[in-house]
Amino acid sequence: MRIVMQPARRSDKVVNQHYLDTIANPVVFDEHADLLEPGVMDELKQLFPDGSAEMWGVVPGKGGANLPRINKMSPGQWVFFTGDKKLYFGGTIALMWHNKALAERLWDTDAAGSTWEYMYALSGTRGFDIPISEVRQLLGWNANRNIMGITVLNEDESDTLQTLLTLDPATAATSPLTAQDERAAVNAFDGDLERKAQRAQRGEQAALKRRLLPGSTGECALCGRELPATFLIGAHIKKRAMCTDDEKRDLANIAMLACTFGCDALYEHGYVAIAPGGTIQVSPLAYDLPGVATHIQERLADRTVTWWNEDREPYYQWHRTHTFKTTPMH
């Protein structure tokens with residue numbers, strides 16, 4: 001999955017107004033039915049049954065300079081808004097279309113008379129607070145590199161950023177494959193049709209599990225249930241791929257036991273976090289998923305975990321700022 005970087009510096013008054021107009025306040029489709037093409041309107045209403053969506057756009061650039069980059073964008077990709085030295089907002093591109101008249105109505109034109117006519121709607125949005133310096137370091141960029149225009153990361157950069165930030169898929173338009181497309185995909189595939197799954201073995205994993213779980217049973221750090229070892233895993237509090245060697249060796253503090261009955265996945269995907277002092281924080285985005293919200297209410301809400309201490313707090317803090325799902329700042 002390619003990742004798109006969208007420069008949008010909110011300290012710029014124009015950009016901030018656009019953000020307030022069409023991100024903080026989603027666009028109501030019926031209010032613009034006179035400009036939305038029927039096909040686009042139908043797709044938007046299928047993707048967003050409540051009748052509104054967060055929208056953004058890209059200018060074509062002088063002489064169409066941005067078009068090659070825009071052509072690399074597609075529904076299903078993640079897009080991150082960057083500006084003021086941080087990555088602060090993101091979501092999935094749900095739909096893309098071209099509509100100059102609607103863009104002018106929503107955002108007017110820039111000083112050159114251009115408008116943000118290559119439009120897209122966003123789903124599954126969330127807030128972030130990641131310093132751009134951390135992204136530069138992770139991707140091996142020059143220390144002074146900034147996102148100056150709409151940028152589609154290559155596959156390697158996208159995969160690396162995916163490792164840093166747990167990005168869940170959200171609603172997006174899909175193009176159904178024809179029978180001819182399916183046959184072509186099968187014929188083009190020259191790998192093994194059957195492959196044995198292999199699990200990467202980490203050098204410290206056995207020692208970590210023994211330290212966390214010396215007996216045949218243990219307590220899930222999140223829900224507090226006493227469970228057999230089979231149903232407990234050593235979950236890294238801070239994402240392992242982002243840990244330094246010293247942090248990986250900090251076996252006493254870097255991980256906690258989490259059960260496979262949902263707690264590990266909820267923490268890994270950022271629907272719960274541990275606040276200073278040990279109270280469980282619940283992401284407001286969890287309540288958009290009834291099954292997830294029910295599980296949290298029944299098992300985790302109002303709990304204080306005994307695993308929290310000051311030595312583990314830096315790892316829990318990393319999870320809160322990098323993985324925990326927060327609502328966008330308006």
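Between domain 1 and domain 2 an area of about 700 Å² is buried, and carbon and sulfur atoms give 59% of that area; buried area here is the accessible area (1.4 Å probe) that two parts lose on being put together, summed over both. Arg126, Thr163 and Leu164 supply 54% of what domain 1 buries against domain 2, more than any other three residues. The model is predicted, so that local features need pLDDT of at least 70 and side-chain atom pairs count only at pLDDT 80 or more, whereas totals for chains, interfaces and linings use all residues. Residues are numbered from 1 along each chain as its sequence is written, and side-chain values use heavy atoms, with hydrogens and water left out.

**Domains**
- Domain 1 covers 3–165 and domain 2 covers 203–323, with bounds that come from an automatic or database domain assignment.
- The centres of the two domains, taken over C-alpha atoms, are separated by 33 Å.

**Contacts across the interface**
- Nine residues of domain 1 are in contact (heavy atoms within 4.5 Å) with eight residues of domain 2.
- Zero salt bridges are found across this interface, where a salt bridge is a side-chain nitrogen of Lys or Arg within 4 Å of a carboxyl oxygen of Asp or Glu.

**The side of domain 1 that touches domain 2**
- Strand E6 (118–131), helix H5 (132–139) and helix H6 (155–164) each supply at least two residues of this side, and the largest share, four residues, comes from E6; helices (H or I, at least four residues) and strands (E, at least two) are DSSP runs, numbered from the N terminus.
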